Amino acid sequence: MSNKILFNFKRVCCSTVTHQTSLSLSLSLSLMDSLSLFCTGALLAGGLYWFVCVLGPAEQKGKRAVDLSGGSISAEKVRDNYKQYWSFFRRPKEIETAEKVPDFVDTFYNLVTDIYEWGWGQSFHFSPSIPGKSHRDATRLHEEMAVDLIDVKPGDRILDVGCGVGGPMRAIAAHSRAKVVGITINDYQVNRARMHNKKAGLDSLCEVVCGNFLEMPFQDNSFDGAYSIEATCHAPKLEDVYAEVFRVLKPGSLYVSYEWVTTEKYRADNPEHVEVIQGIERGDALPGLRSYSDIAEAAKKVGFEIVKEKDLAKPPSLPWWTRLKMGRIAYWRNHILVIVLAAIGIAPKGTVDVHDMLFKTADYLTRGGDSGFFSPMHMILLRKPKEAPSKS
């Protein structure tokens, strides 16, 4: 009898221990699951913060991913305007006329301005790489060289032909202390530029005007110098914008332009060359890229004297497209973020299409630069003769 009682007691004890062990194990697993869930949530939250707040802003910290918009286009119409932009290329003859270009270019910059500023910075252009210098410093030096070439003094009034959101304008005003007047076709860029100018404390030196550089709202002989940095490529005929710059410059003044061109290496019978150039034109709102040999001819036709001409992309300059190659991971990261923001309704739906277009265009630009048949910085320095009459 006592043995049976002892046996039952041991069985109960073993059962209790087993139950307690199972309970402890279950609690441990539950705690581990909770901890794992917490860690996963923390990683996702941290990743989202890293994407949006740390990696999201552009170099100048002027635009955040969560603020991406369609410029002056309302959010619900961004996708329709993107389709409208592509419709221009189904009617190529229309984008070769001065009447159609303003709408074409204005639509493009409404679509891309925020993405450019967020993913690239406030200077919408390229610059040669400089050993030991950041991309930001290389960009600033490239801009400062432009104003040094036109030999202006503090207080002189100079013109920025196609100023964008004013990145070059601010660098040039700070460097030269000249008074810079910028013109852009896009009203949204005007507002962005004015905001940045004030924030930088340069609004007393920088003025921005909304207008068409083919019909500028300035008086004859009213500027002491002028420059354009990768902007006149949007003109259907280069001589038309050069004629306007000639008109507003004072006699004896200098004008420098960095032009997008096909180089002597371009072959019109090479299918790859043609594909790349057409890809650049479609992705950058260009009526048609010009040959390097056309630039000086257009300038002379309107009365300019040629002071200097040089492709700043050629050796010993280091590749300007390095930043595009190095930025491929950032492009993918940004594209994923744009998809997420569009999916949850923060970014306009069409923003994904626009970003995808720019991603593909970056590849065309890299291929053209790497192969040497495209350059975005064919520099030409021009002088308006001292005795020249104004062009009307």
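I sorted the lining of the largest cavity by residue class and noted 15 nonpolar, nine polar and two charged residues, where Ala, Val, Leu, Ile, Met, Phe, Trp, Tyr, Cys and Pro count as nonpolar, Asp, Glu, Lys and Arg as charged, and the others, Gly among them, as polar. I kept in mind that this is a predicted model, in which local features need pLDDT of at least 70 and side-chain atom pairs count only at pLDDT 80 or more, while totals for chains, interfaces and linings use all residues. Residues are numbered from 1 along each chain as its sequence is written, and side-chain values use heavy atoms, with hydrogens and water left out.

I then searched the whole structure and found two cavities of 30 Å³ or more; a cavity is a set of points, on a 1 Å grid over the protein atoms alone, where a 1.4 Å probe fits but cannot get out, and its lining residues have an atom within 4 Å of a point. For the largest cavity I recorded a volume of about 340 Å³, taken as the space filled by probe spheres set on the points. Of its 26 lining residues, Tyr109, Gly162, Cys163, Ala231 and His234 are the closest to the centre.

I checked which elements contribute, using DSSP runs (helices H or I, at least four residues; strands E, at least two) numbered from the N terminus. Helix 3 (101–119) gives the largest cavity the largest share of its lining, four residues, and strand 2 (179–184) and strand 4 (223–229) each supply at least two.

For the second largest cavity I noted about 70 Å³, with a lining that includes Trp120, His125, Trp320 and Arg323.

Key:
1 Å grid on protein atoms, 1.4 Å probe; cavity = no way out; pocket = protein on both sides within 12 Å on 5 of 7 lines; lining within 4 Å.
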